[in-house]
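User: I have a model open on my screen and would like to understand the labels attached to it. Could you take me through them?

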Amino acid sequence: PGEVLVLDPVQINLEGGHYLRIGIALQMTNNVAHAPDGSKALDATIDLFSGLDMADLGKAKERHHLKEELLEHLEHEYHGDVMGVYFTEFVTQ
(Lines give C-alpha, C1' and ligand atoms only; values in the text may rest on other atoms or scores of the structure.)
Protein backbone atom coordinates (compact mmCIF):
# COMPACT_ATOMS: atom_id res chain seq x y z
CA PRO A 1 0.00 0.00 0.00
CA GLY A 2 0.94 3.61 -0.50
CA GLU A 3 0.15 6.75 1.48
CA VAL A 4 -3.16 7.39 3.26
CA LEU A 5 -4.87 10.62 2.21
CA VAL A 6 -6.97 11.97 5.09
CA LEU A 7 -9.76 14.31 4.00
CA ASP A 8 -11.51 16.91 6.14
CA PRO A 9 -14.89 15.79 7.51
CA VAL A 10 -18.09 17.02 5.85
CA GLN A 11 -21.68 17.30 7.05
CA ILE A 12 -24.34 15.60 4.96
CA ASN A 13 -28.11 16.07 5.21
CA LEU A 14 -30.01 12.90 6.05
CA GLU A 15 -33.71 12.08 5.92
CA GLY A 16 -35.98 13.79 8.45
CA GLY A 17 -33.80 16.82 9.17
CA HIS A 18 -30.93 14.79 10.61
CA TYR A 19 -27.34 15.02 9.52
CA LEU A 20 -24.19 12.96 9.30
CA ARG A 21 -20.71 14.29 9.97
CA ILE A 22 -18.35 11.96 8.14
CA GLY A 23 -14.61 11.94 7.67
CA ILE A 24 -12.88 9.61 5.25
CA ALA A 25 -9.33 8.61 4.41
CA LEU A 26 -8.19 7.02 1.17
CA GLN A 27 -5.63 4.22 1.11
CA MET A 28 -3.68 4.87 -2.05
CA THR A 29 -1.69 2.25 -3.97
CA ASN A 30 2.08 2.47 -4.02
CA ASN A 31 1.91 3.58 -7.69
CA VAL A 32 0.66 7.07 -6.75
CA ALA A 33 3.43 9.65 -7.12
CA HIS A 34 1.61 12.58 -5.47
CA ALA A 35 -1.47 13.07 -3.31
CA PRO A 36 -4.56 13.32 -5.52
CA ASP A 37 -7.30 15.89 -5.20
CA GLY A 38 -9.85 14.63 -2.69
CA SER A 39 -12.80 16.52 -4.14
CA LYS A 40 -14.01 13.55 -6.20
CA ALA A 41 -14.00 11.37 -3.08
CA LEU A 42 -15.95 13.93 -1.05
CA ASP A 43 -18.44 14.40 -3.88
CA ALA A 44 -19.00 10.63 -4.11
CA THR A 45 -19.45 10.43 -0.33
CA ILE A 46 -22.03 13.21 -0.34
CA ASP A 47 -23.91 11.60 -3.24
CA LEU A 48 -23.96 8.20 -1.57
CA PHE A 49 -25.00 9.28 1.94
CA SER A 50 -27.35 12.21 1.22
CA GLY A 51 -30.94 11.58 2.23
CA LEU A 52 -30.32 8.23 3.93
CA ASP A 53 -32.23 7.22 7.06
CA MET A 54 -30.32 7.83 10.30
CA ALA A 55 -31.58 4.55 11.79
CA ASP A 56 -30.07 2.58 8.90
CA LEU A 57 -26.69 4.25 9.43
CA GLY A 58 -26.69 2.98 13.00
CA LYS A 59 -26.44 -0.60 11.72
CA ALA A 60 -22.90 -1.93 11.26
CA LYS A 61 -23.95 -4.11 8.32
CA GLU A 62 -25.38 -1.10 6.47
CA ARG A 63 -22.26 1.00 7.13
CA HIS A 64 -20.09 -1.84 5.83
CA HIS A 65 -22.21 -2.12 2.67
CA LEU A 66 -22.01 1.66 2.09
CA LYS A 67 -18.23 1.61 2.58
CA GLU A 68 -17.90 -1.14 -0.03
CA GLU A 69 -20.10 0.79 -2.44
CA LEU A 70 -18.07 3.96 -1.88
CA LEU A 71 -14.79 2.09 -2.43
CA GLU A 72 -16.07 0.62 -5.68
CA HIS A 73 -16.96 4.09 -6.93
CA LEU A 74 -13.61 5.56 -5.81
CA GLU A 75 -11.61 2.79 -7.47
CA HIS A 76 -13.27 3.81 -10.72
CA GLU A 77 -13.00 7.59 -10.18
CA TYR A 78 -9.31 7.40 -9.27
CA HIS A 79 -8.45 4.85 -12.00
CA GLY A 80 -7.33 2.12 -9.59
CA ASP A 81 -5.15 4.38 -7.41
CA VAL A 82 -7.45 3.95 -4.37
CA MET A 83 -7.35 0.51 -2.75
CA GLY A 84 -9.19 1.23 0.49
CA VAL A 85 -11.41 3.73 2.26
CA TYR A 86 -11.63 4.33 6.00
CA PHE A 87 -14.21 6.22 8.04
CA THR A 88 -12.25 8.52 10.35
CA GLU A 89 -15.35 10.20 11.76
CA PHE A 90 -18.98 9.09 11.69
CA VAL A 91 -21.47 11.05 13.81
CA THR A 92 -25.23 11.29 13.26
CA GLN A 93 -27.64 13.68 14.88
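Analyst: Happy to. Let's begin with strand β3 (residues 19-28), which is mostly covered, with eight of its ten residues buried. This is a predicted model, where local features need pLDDT of at least 70, side-chain atom pairs count only at pLDDT 80 or more, and totals for chains, interfaces and linings use all residues. Residues are numbered from 1 along each chain as its sequence is written, and side-chain values use heavy atoms, with hydrogens and water left out.

User: Why is Thr45 called buried?

Analyst: Buried means under 20% relative accessible area, exposed over 50%, and partly exposed in between (1.4 Å probe, protein chains only). Thr45 has a relative accessible area of 1%, so it counts as buried.

User: Which residues does Thr45 touch?

Analyst: Leaving out residues up to four places away in sequence, Thr45 touches Ile12, Ile22, Ile24 and Leu70. Contact here means heavy atoms within 4.5 Å.

User: How do you know which strands pair with β3?

Analyst: Two strands pair if DSSP finds at least two bridges between them. Strand β1 (residues 4-6) has three bridges to β3, strand β2 (residues 10-13) has four and strand β4 (residues 82-92) has nine, so each of these meets the rule. The sense is antiparallel for β1, for β2 and for β4.

User: Which residues stand opposite one another?

Analyst: Among them, Val4 has Gln27 of β3 as its bridge partner, and Gln27 also stands opposite Gly84 in β4. Ile12 stands opposite Leu20 in β3.

User: What angle do helix α1 and helix α3 make?

Analyst: Helix α1 (residues 39-49) and helix α3 (residues 60-77) pack at about 145°, with their axes 10 Å apart. Axes are lines fitted to C-alpha atoms, for helices over the stretch in contact, and angles run from 0 to 180 degrees between N-to-C directions. On the α1 side the contact includes Ala44, Thr45 and Leu48, and on the α3 side Leu66, Leu70 and His73 are among the residues.

Notes: Helices (H or I, at least four residues) and strands (E, at least two) are DSSP runs, numbered from the N terminus.
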